[in-house]
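Here are my notes on this one, written as numbered points. Have the structure open while you read, and take the points in order.

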Amino acid sequence: MFLGAVIFVAVWCLIALFLRHYPETMAGYNTMPKAKREKIDIHRLGRLVSNVMFAGVPFALLSPLMPSEGLYMLMLVGVPAGMLIACAIYVNVRIKKFEK
């Protein structure tokens with residue numbers, strides 16, 4: 001169980017680092033109209049998403065300590081993914097904060 005959590009965290013962190021350095025690869029950014037794309041501070045948005053992903057890492061690392069398989073999967077995948085979904089909702093609601 002611990003090895004699975006470590007592999008998941010390693011991949012999760014690599015994706016977070018990739019988004020921090022190449023935020024223009026986020027879903028939906030390249031399909032936006034060019035005029036709208038120029039208004040968005042994509043580097044600030046990339047840092048936010050990356051930070052939220054890194055905030056989910058401790059939950060995934062603590063997942064092997066959970067007493068049941070259900071709680072293990074919830075802590076390993078559910079909490080970090082839920083934080084990322086909450087981040088996406090926050091960005092859609094507060095998109096003005098990410099305009100240049």
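1. The protein has five helices and zero strands, where helices (H or I, at least four residues) and strands (E, at least two) are DSSP runs numbered from the N terminus. Read from the N terminus on, the order of elements is α-α-α-α-α. Before you go further, note that this is a predicted model: local features need pLDDT of at least 70, side-chain atom pairs count only at pLDDT 80 or more, and totals for chains, interfaces and linings use all residues. Residues are numbered from 1 along each chain as its sequence is written, and side-chain values use heavy atoms, with hydrogens and water left out.

2. Now the overall picture. Taken along the principal axes, the C-alpha atoms fill a box of roughly 50 × 25 × 20 Å. Of the 100 residues, 28% count as buried; buried means under 20% relative accessible area, exposed over 50%, and partly exposed in between (1.4 Å probe, protein chains only). Contact means heavy atoms within 4.5 Å. Among contacts between residues at least 6 apart in sequence, 68% join residues at least 24 apart.

3. How do α3 and α5 pack? Helix α3 (residues 42-55) and helix α5 (residues 69-93) meet at an angle of about 155°, and their axes are 9 Å apart. Axes are lines fitted to C-alpha atoms, for helices over the stretch in contact, and angles run from 0 to 180 degrees between N-to-C directions. Angles under 35 degrees count as roughly parallel, over 145 as roughly antiparallel, 65 to 115 as roughly perpendicular and the rest as oblique. That is why α3 and α5 are called roughly antiparallel.

4. Stay with that pair and look at the side chains. On the α3 side the contact is made by L45, L48, V49, V52, M53 and A55, and on the α5 side by M83, L84, C87, Y90 and V91. By class this contact has eleven nonpolar, no polar and no charged residues. Here Ala, Val, Leu, Ile, Met, Phe, Trp, Tyr, Cys and Pro count as nonpolar, Asp, Glu, Lys and Arg as charged, and the others, Gly among them, as polar.

5. G4, A5, F8 and W12 of α1 meet Y72, L76, V77, P80, A81 and L84 of α5. The classes here are nine nonpolar, one polar and no charged residues.

6. Are M83 and C87 buried or partly exposed? M83, which lies in helix α5, counts as partly exposed at 26% relative accessibility. Leaving aside its neighbours within four places in sequence, M83 is in contact with V52, A55, G56 and F59. C87, by contrast, is buried, with a relative accessible area of 7%.

7. What about disulfides? A disulfide is a pair of cysteine sulfur atoms within 2.5 Å, and by this rule the count comes to zero. For C87, the closest cysteine sulfur is that of C13, 16 Å away, which is too far for a bond.

8. Last, find K36 in helix α2 (residues 34-39). K36 is partly exposed, with a relative accessible area of 48%. K36 and N92 are 56 residues apart along the chain, and their C-alpha atoms are separated by 14 Å.
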